[in-house]
Amino acid sequence: MGRIILTGDRPTGKLHLGHYVGSLRNRVLLQNEGNYDRMFVFIADVQALTDNADNPGKVRDNIIEVALDYLSCGLDPEKVTLFVQSQIPQLHEITQFFSNLVTVQRLQRNPTVKAEMVLRGFGEGEHQDDNKRGLPVGFFTYPISQAADICFCKATTVPVGEDQEPMIEQCREIVRSFNSTYGPVLVEPEILLPSSAACRRLPGTDGKAKMSKSLGNCIYLSDSAAEVDAKVRGMFTDPGHLRVEDPGKVEGNPVFTYLDAFCEDSDFERFWPDYANLQEVKDHYSRGGLGDMKCKKFLSKVLNDRLEPIRERRHFYEKDIPGVYEILRKGSQAAREVAAQTLHEMKDAMQINYFDDAALIQGQAAKYNG
Ligand code: TRP
């Protein structure tokens with residue numbers, strides 16, 4: 001069996017550096033290695049609507065933003081099928097069949113659902129008090145829909161951040177349940193996590209655990225060089241590092257986490273020849289005598305060096321917005337064909353392919369007229 005890679009993002013905002021080191025950079029590497037039969041990257045608008053039902057404009061406007069971010073990172077529509085979730089109606093049928101194989105209790109134990117329920121203020125119980133909205137069924141069951149996203153193409157490999165681990169685990173359970181109940185149609189996917197800790201969880205510029213649009217602590221892929229400079233200059237560092245001579249803390253200092261995630265030895269030759277590698281900088285900072293500003297200047301140069309080709313490609317695609325929609329339209333068409341094939345196999349296994357099943361029709365005829 002070949003390798004089929006699939007992943008996607010919710011279109012709720014522009015993509016930022018956390019997305020980049022957590023997944024996007026990996027996807028482009030995977031794409032270029034070419035070690036796969038097929039690769040799909042999609043925009044999860046149906047999932048975005050599960051907690052943005054009242055904000056369709058936001059979802060709609062972010063389709064193009066996410067598509068531009070994908071293309072500008074180097075995803076190549078010749079190699080990767082780029083599509084939009086809502087344009088694949090088969091996903092809903094698959095979701096419906098899967099939902100018979102999942103219990104409410106199992107969904108309630110999904111740690112990602114639990115955490116997001118708190119985050120989004122979805123309460124439980126019969127009474128909806130002032131600050132708790134009721135829990136939408138679509139939101140509660142989105143892990144099932146996510147399993148359909150993964151299974152429609154029999155994905156073997158899902159490159160995502162570690163927050164998605166419970167989703168992949170639940171998908172694997174659904175696949176096992178489907179296959180043991182109806183027959184071996186579907187494939188259990190493997191998660192593919194970023195290799196380093198810094199890449200798995202890139203903190204916000206304010207030092208908070210995660211980049212998040214609502215916290216205003218993101219550096220976006222589409223930020224200009226001047227915006228990146230300003231955001232890096234304002235970054236949280238070690239609050240105990242008051243004077244340059246003081247010893248500084250590297251651990252938990254986002255400037256160093258970003259450097260861990262982005263810088264390479266060759267960057268020192270190019271941008272900071274006083275040091276040979278990041279370890280030397282860290283040692284000096286920890287000893288004392290190295291100021292935050294110098295580290296930030298270097299970080300800014302490294303980030304802008306990585307972002308420059310991304311910006312250039314973005315400007316190229318921004319000039320042809322209808323062409324970008326066309327890429328998504330064609331990709332969605334291709335994804336529908338794959339989904340239709342899988343759904344056909346599923347319905348066969350589930351014995352609901354009545355009109356294709358000559359033996360069934362003849363058997364019933366014989367029973368009545370035999
Ligand atoms: N849940 C993912 C996120 O929030 C998006 C997503 C939806 C996804 N369906 C998927 C990711 C299938 C990988 C595979 O970012």
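What follows is a conversation about reading a few features of a predicted model.

Colleague: Let's start with the overall picture. How many helices and strands are there in the protein?

Modeller: This is a predicted model, so everything here is computed. The protein contains 17 helices and five strands. Its C-alpha atoms fill a box of roughly 95 × 50 × 35 Å along the principal axes.

Colleague: What share of the residues counts as buried?

Modeller: Burial is judged by relative accessible area, and a residue is buried when that value is under 20%. Of the 370 residues in this protein, 50% are buried. For the accessible surface, the total is about 18,300 Å², with 51% of it belonging to carbon and sulfur atoms.

Colleague: Can we look at one residue? Is P254 buried or exposed?

Modeller: P254 has a relative accessible area of 1%, so it is buried. You will find P254 in helix α12, residues 254-262. Leaving aside residues up to four places away in sequence, P254 touches P203, G204, G207, M235, F236 and T237.

Colleague: Where do K154 and Q351 lie?

Modeller: K154 is in the loop between α8 (142-151) and β4 (157-159). Q351 is in the loop between α16 and α17 (358-369). K154 counts as buried because its relative accessible area is 19%, under the 20% cut-off. Q351 is exposed, at 63%.

Colleague: Now pockets. Which residues line the second largest pocket?

Modeller: The lining consists of D45, I63, V84, S86, Q87, Y325, L328, R329, S332 and R336. Helix α16, residues 321-349, gives the largest share of that lining, with five residues. The space in this pocket is about 180 Å³.

Colleague: Last one: how many positive and negative side chains are there?

Modeller: There are 44 positive and 53 negative side chains. The centres of the two sets lie 2 Å apart.

Note on methods. Residues are numbered from 1 along each chain as its sequence is written. This is a predicted model: local features need pLDDT of at least 70, side-chain atom pairs count only at pLDDT 80 or more; totals for chains, interfaces and linings use all residues. Side-chain values use heavy atoms; hydrogens and water are left out. Helices (H or I, at least four residues) and strands (E, at least two) are DSSP runs, numbered from the N terminus. Buried means under 20% relative accessible area, exposed over 50%, partly exposed in between (1.4 Å probe, protein chains only). Accessible areas come from the Shrake-Rupley method with a 1.4 Å probe; for residues, only the protein chains shown count as cover. Lys and Arg count as positive and Asp and Glu as negative; His and the chain ends are not counted. The place of a charge is taken as NZ of Lys, CZ of Arg, CG of Asp or CD of Glu. On a 1 Å grid over the protein atoms alone, a cavity is a set of points where a 1.4 Å probe fits but cannot get out, and a pocket is an open set with protein on both sides within 12 Å along at least five of seven lines; lining residues have an atom within 4 Å of a point. Grid points are joined across faces, edges and corners, and a volume is the space filled by probe spheres set on the points. Contact means heavy atoms within 4.5 Å.
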